[in-house]
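Please walk me through this structure, one feature at a time.

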Amino acid sequence: MIVSCFMCMFLRLLFLPMLIKTAQVPSISEKGEGCYFLMSTVANPANIFWHDNLVGKTEREKLLNQQGCVVWITGLSGSGKSTIACSLGREFQARGKLSYILDGDNLRHGLNKNLGFSAESRAENIRRTGEVAKLFADAGLICIASLISPYRKDRDACRVLLPDKKFIEVFLNMPLQLCEERDPKGLYKLARAGKIKGFTGIDDPYEPPLNCEIEIQQKDGLVPAPNEMAGQVVSYMEDRGFLEA
């Protein structure tokens, strides 16, 4: 039954390009070279209609005994987004809850592989991710989105896609100095050397959330352990009934 629901959802995605035309819009890559990404434009919205399924979100949530939602983890590169996302995934698995992680870097290997790092590309990157996260939540899953997502307006646009407070924004508020000291991918070093342009926190801004549901910071100068950070998110969700239908 779960498989059939997912097949229905993704078959829609498969045939969606038949209804869409694409236009190439120039953007700038992280190396400053010209590149292109595809902006989707609907040819004739008047000829496209929403088709309701016989099985709805409520039925799917009852089947899974959980509430579909999006846990959106944002913060600087090196702040620990992927670490807490993986810890959350393991915790939900241990509790018998179905979740899926949308990792920003992983998405750029597939769905968002044709996007650069200009402001326009970043906005499209987050828009696509938000739409996919919405589908997972509608399927009844706990979708964990882990992306820098530096611009507030783009995160807020994803929030409005989810009804009934089903968007949980988690801000990993770690200082730039700490993230730069960690530098797990060596990107800060490249940015400081001028080899990467438009790098968030160095020569491109990060806009912190103003009203996030959860903010995780250092305590007495120490970063909480991954399981402790994940526990903070799980406790929030438990208190609000997300882990039961």
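Is D105 buried, partly exposed or exposed? D105 is partly exposed, with a relative accessible area of 38%. Here buried means under 20% relative accessible area, exposed means over 50%, and partly exposed lies in between (1.4 Å probe, protein chains only).

A word on the source comes next. This is a predicted model, in which local features need pLDDT of at least 70 and side-chain atom pairs count only at pLDDT 80 or more, while totals for chains, interfaces and linings use all residues. Residues are numbered from 1 along each chain as its sequence is written, and side-chain values use heavy atoms, with hydrogens and water left out.

Start with the charges. Side chains of opposite charge can pair when their charged atoms come close. A salt bridge is a side-chain nitrogen of Lys or Arg within 4 Å of a carboxyl oxygen of Asp or Glu. The structure holds 14 of them.

D105 takes part in one, with K185 as its partner (2.4 Å, N to O). K185 lies in the loop between α7 (176-182) and α8 (187-192), and D105 in helix α4 (residues 104-107), so this pair ties together parts that are 80 residues apart in sequence. Helices (H or I, at least four residues) and strands (E, at least two) are DSSP runs, numbered from the N terminus. K185 is exposed, at 52% relative accessible area.

R159 and E213 form another salt bridge (2.8 Å, N to O). R159 sits in helix α6 (residues 152-159) and E213 in the loop between α8 and β7 (214-216), so the two join parts that are 54 residues apart in sequence. R159 is partly exposed, with a relative accessible area of 22%. E213 is partly exposed too, at 25%. A network of salt bridges links R155, R159, E169 and E213.

K57 and E61 also meet in a salt bridge (3.9 Å, N to O). Both residues are in helix α2 (residues 57-64), four residues apart, so about one helical turn separates them.

Now turn to the nonpolar residues. A nonpolar core is a set of buried Ala, Val, Leu, Ile, Met, Phe, Trp, Tyr and Cys residues joined through side-chain atoms within 4.5 Å. The largest has 33 residues, and V71, I73, L88, I168 and M237 touch the most other members. Elements that each supply at least two residues include β3 (69-74), α3 (81-94) and β6 (167-172). Helix α9 gives the most, with six residues. Apart from this core lies another, of 17 residues, among them L107, F136, C143 and A145.

Which rings pair up? A pair of aromatic rings is described by the distance of the centres and the angle of the planes. Rings of Phe, Tyr and Trp (its six-membered ring) pair if their centres lie within 6.5 Å; planes under 30 degrees apart count as stacked, over 60 as edge-to-face and the rest as tilted. The count comes to four aromatic pairs. One of them is F171 with Y206: the centres are 5.9 Å apart and the planes at 20°, so the pair is stacked. F171 is buried at 7% relative accessibility, and Y206 is buried at 16%.

Last come charges over rings. This requires NZ of Lys or CZ of Arg within 6 Å of the ring centre and within 35 degrees of the ring normal. R108 lies over the face of F117, at 4.0 Å from the ring centre. The charged end of R240 sits over the ring of Y236, 3.7 Å from its centre.
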